[in-house]
Amino acid sequence: MRIALFIACYNDALFPDTGKAVTAVLERLGHTVEFPMAQTCCGQMHYNTGYRREADSLVGAFNDAFRGYDAIVTPSGSCGGHVRHHHKTETAPNVYEFSEFLVDVLGVTDVGAYYPHRVTYHPTCHSLRMLRVGDKPLRLLRAVEGIELVELPEAESCCGFGGTFAMKNSETSVAMLQDKMGNVRKTGAQTLCASDNSCLMHIGGGLGRIKSGVRTLHLAEILAATR
Amino acid sequence: MSRDEVNVVWLGSPTFPKAAHDALQDDQLRRNLKHATTTIRDKRLRAVAELDDWETLRLAGSQIKDRVMRHLDTYLLQLEASVTAAGGVVHWAEDAREANWIVTELVRAKGATEVVKIKSMATQEIGLNEALADAGIEATETDLAELIVQLNHDRPSHILVPAIHRNRTEIRDIFLREMGKHGVPAPDDLTDEPRALAEAARVHLREKFLRAKVAISGANFACADTGTVGVVESEGNGRMCLTLPETLITVMGIEKVLPSFADLEVFLQLLPRSSTAERMNPYTSLWTGVTPGDGPQEFHLILLDNGRTKTLADTAGRSALHCIRCSACLNVCPVYERTGGRSYGSVYPGPIGAVLTPQLVGVGTSDHADSLPFASTLCGACYDACPVRIDIPEMLVHLRAKVVDAHRGGVPKPEALAMKGAKVVFGSPRRLAVAERLGAIGGRIAGIGGGRWLPGPAKKWTGARDVPVPARESFRTWWRKAGRG
């Protein structure tokens with residue numbers, strides 16, 4: 001199976017460790033992965049903000065970059081959801097969010113990870129409602145050795161990020177963030193995990209500002225951790 | 001006042017972010033909203049889970065509405081013929097002004113100076129109460145929550161629970177202060193017990209029901225084949241309005257028509273479970289024209305357009321007209337939960353308001369309407385909750401594109417420049433790599449200089465959130481250096 005990594009523009013620049021973690025997990029499971037260097041951005045930010053013309057111009061380039069792969073794996077539920085729903089191209093159906101790919105395509109839930117910390121999981125909206133990943137990330141986390149997984153109250157409530165919403169309606173965004181942070185702190189978790197760095201950037205940015213001591217980590221980074 | 005301003009009442013209030021700012025300062029409002037939406041959300045999930053065929057029902061509801069929109073002209077003409085044959089009179093109103101004029105003339109013709117009203121968002125949309133007041137006619141809302149809102153000279157905050165933003169003590173104070181000015185006053189020793197509040201309202205309203213010669217209602221549904229009009233409600237006050245007065249005037253948005261009486265089977269299951277989380281609403285009133293010696297002897301049905309045919313013309317936006325006003329989308333919306341309904345500045349709040357209102361008044365006509373499609377994180381909870389499967393998130397981005405396109409040309413806003421800039425950067429992997437290197441250097445310099453508090457537009461982020469410092473080395477650089485690509 002030819003597997004391509006689709007590392008989403010903001011992961012590339014801001015969270016390269018997530019891409020490295022995805023690579024490590026897939027290679028540990030015996031797969032060879034490729035990173036098509038021609039990839040840039042799926043156009044979700046443009047599309048969702050109303051700049052459809054600009055978004056459309058990026059679709060063809062995405063398709064060209066990923067043509068010929070059996071699976072295109074991304075650690076971003078939201079970018080993955082955007083491509084699958086809105087790119088009307090030959091490559092779109094082959095795009096998988098990381099946890100979906102592990103569970104549905106590779107049929108794996110135990111990836112041999114070790115992470116001996118108290119963790120809570122936030123199901124990001126696009127993973128949850130666009131991609132319908134369900135409990136796949138949780139099944140992967142439950143199989144991690146040493147982990148203490150605690151339930152996040154009101155887990156399915158949006159964190160308030162919403163892309164450009166976080167700027168355009170920043171006060172409402174922050175009000176939602178405060179509730180999310182309150183729920184995270186109730187769990188007493190040391191680590192907040194999610195399958196999307198964009199939501200984690202928002203929640204982590206808030207948790208950092210109040211010096212909560214809670215760390216935000218992408219699912220892939222927990223799954224990549226070993227003894 | 002321009003035509004657009006009268007189309008959907010209250011537009012002209014601040015844009016969503018500004019209105020939300022005020023709502024967010026009100027701690028009591030936020031607590032009331034959180035309590036009410038959480039309670040009804042959980043109840044609704046249980047009520048829906050009881051039905052094995054919920055998803056099939058949703059699909060059926062969606063398909064019937066699709067058919068109505070495809071053949072709206074046919075069904076409306078059929079409805080007109082059926083209502084007329086049953087002894088009713090049908091009027092067509094192109095906009096708010098025309099609808100208000102028709103109602104006012106009908107009330108005047110009966111020599112009435114007061115009317116009782118029930119269950120009508122359409123009349124709120126056109127500002128009928130205000131128009132009647134201008135003509136010297138006092139209209140009394142008889143739905144308990146709407147009465148509370150009306151007595152307080154307030155605006156509804158929710159489709160189903162218009163006074164969701166008021167608690168019991170506030171309601172007692174409103175009753176004590178206002179009821180006496182409009183009829184039977186509240187007793188001096190009124191407590192904030194629900195039973196006492198309900199009794200005060202009952203006594204106050206009973207007098208008006210028995211005196212009113214004219215009633216005005218909305219309609220949840222109207223069946224084209226039989227001419228039957230229907231209203232569902234919880235309190236029975238609607239039943240009083242629909243049966244006691246001599247004349248009944250119903251104002252109905254043209255999208256409320258259903259092809260046949262049999263279609264009610266679907267909607268009378270979808271609506272109560274989605275809205276009040278009940279298996280069946282307590283009162284379902286259906287009437288077909290007039291019946292000699294029984295109920296109102298004169299029935300007028302006003303078919304209101306007011307922007308609806310314009311909405312229908314947009315194939316990607318028209319499904320906003322499928323809405324059956326259950327308010328399930330409001331109750332699950334995290335934005336609504338924080339800001340309340342009044343921030344949306346329209347009689348239609350929440351996610352459905354954010355897609356319906358801009359279409360009814362026209363995208364690109366006001367900053368207010370244009371701010372509404374952006375009042376969402378696109379979390380998608382509304383789509384999952386909608387009993388007729390309106391894909392609100394998809395419609396929001398469709399309308400955002402219309403807003404952006406309406407403002408293309410002229411001097412571009414900073415956001416448009418940023419988006420165009422980003423497109424250029426993302427247009428080639430080489431340009432992206434250069435931008436990432438510059439961003440990493442700039443970001444780290446800003447980080448060293450205490451850049452957790454950035455100036456200008458970035459303040460909207462750093463006001464409450466730290467910024468991630470760009471990595472020293474992007475993923476693509478790492479990949480290349482590791483000799484992988």
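How many residues of strand β6 (residues 228-233) of chain B are buried? Six of its six residues are buried, and the strand is therefore described as mostly covered, where buried means under 20% relative accessible area, exposed means over 50% and partly exposed lies in between, with a 1.4 Å probe and protein chains only. The legends below concern a predicted model, in which local features need pLDDT of at least 70 and side-chain atom pairs count only at pLDDT 80 or more, whereas totals for chains, interfaces and linings use all residues. Residues are numbered from 1 along each chain as its sequence is written, chains are lettered from A and ligands numbered from 1 in the order in which they are written, and side-chain values use heavy atoms, with hydrogens and water left out.

View 1. Helices (H or I, at least four residues) and strands (E, at least two) are DSSP runs numbered from the N terminus, and two strands pair if DSSP finds at least two bridges between them. β5(B) and β6(B) pair in the antiparallel sense over two bridges, and Ala222(B) stands opposite Val229(B) of β6(B). The hairpin of these strands has four residues between them, and in it Gly227(B) takes a positive phi near 80°. Strand β9 (residues 283-288) of chain B also pairs with β6(B) in the antiparallel sense, over six bridges, and here Trp287(B) is the bridge partner of Val229(B).

View 2. Rings of Phe, Tyr and Trp (its six-membered ring) pair if their centres lie within 6.5 Å, and planes under 30 degrees apart count as stacked, over 60 as edge-to-face and the rest as tilted. By this rule the count comes to 14 aromatic pairs over all chains. Phe35(A) and Phe475(B) form one that is edge-to-face, with 5.0 Å centre to centre and 70° between the planes. This pair crosses between chains, from the loop between β2 (33-34) and α3 (44-49) of chain A, which holds Phe35(A), to helix α24 (residues 475-481) of chain B, which holds Phe475(B). Phe35(A) counts as buried because its relative accessibility is 6%, and Phe475(B) counts as buried because its value is 0%. Phe221(B) and Phe267(B) form a tilted pair, 5.7 Å centre to centre with 40° between the planes. Since Phe221(B) lies in strand β5 (residues 221-223) of chain B and Phe267(B) in helix α13 (residues 264-275) of chain B, the pair ties together parts that are 46 residues apart in sequence. Both Phe221(B) and Phe267(B) are buried. The charged end of Lys65(B) sits over the ring of Phe267(B), 5.6 Å from its centre, where a charge sits over a ring if NZ of Lys or CZ of Arg is within 6 Å of the ring centre and within 35 degrees of the ring normal.

**View 3. Where chain A meets chain B.** Contact means heavy atoms within 4.5 Å, and 64 residues of chain A are in contact with 63 residues of chain B. The two chains bury about 5500 Å² between them, 59% of it on carbon and sulfur atoms, where buried area is the accessible area (1.4 Å probe) that two parts lose on being put together, summed over both. In chain A, Met37(A), Tyr51(A) and Arg209(A) lose the most area to chain B, together 13% of what that side buries. Ring pairs link Phe35(A), Phe475(B), Trp478(B) and Trp479(B) into a cluster, and Lys168(A) lies over the face of Phe374(B), at 4.4 Å from the ring centre.

**View 4. The surroundings of Glu255(B).** Glu255(B) lies in the loop between β7 (247-253) and β8 (257-258) of chain B, and it counts as buried because its relative accessibility is 1%. Not counting residues up to four places away in sequence, Glu255(B) touches Lys65(B), Val68(B), Met69(B), Arg308(B), Leu321(B) and Arg325(B).
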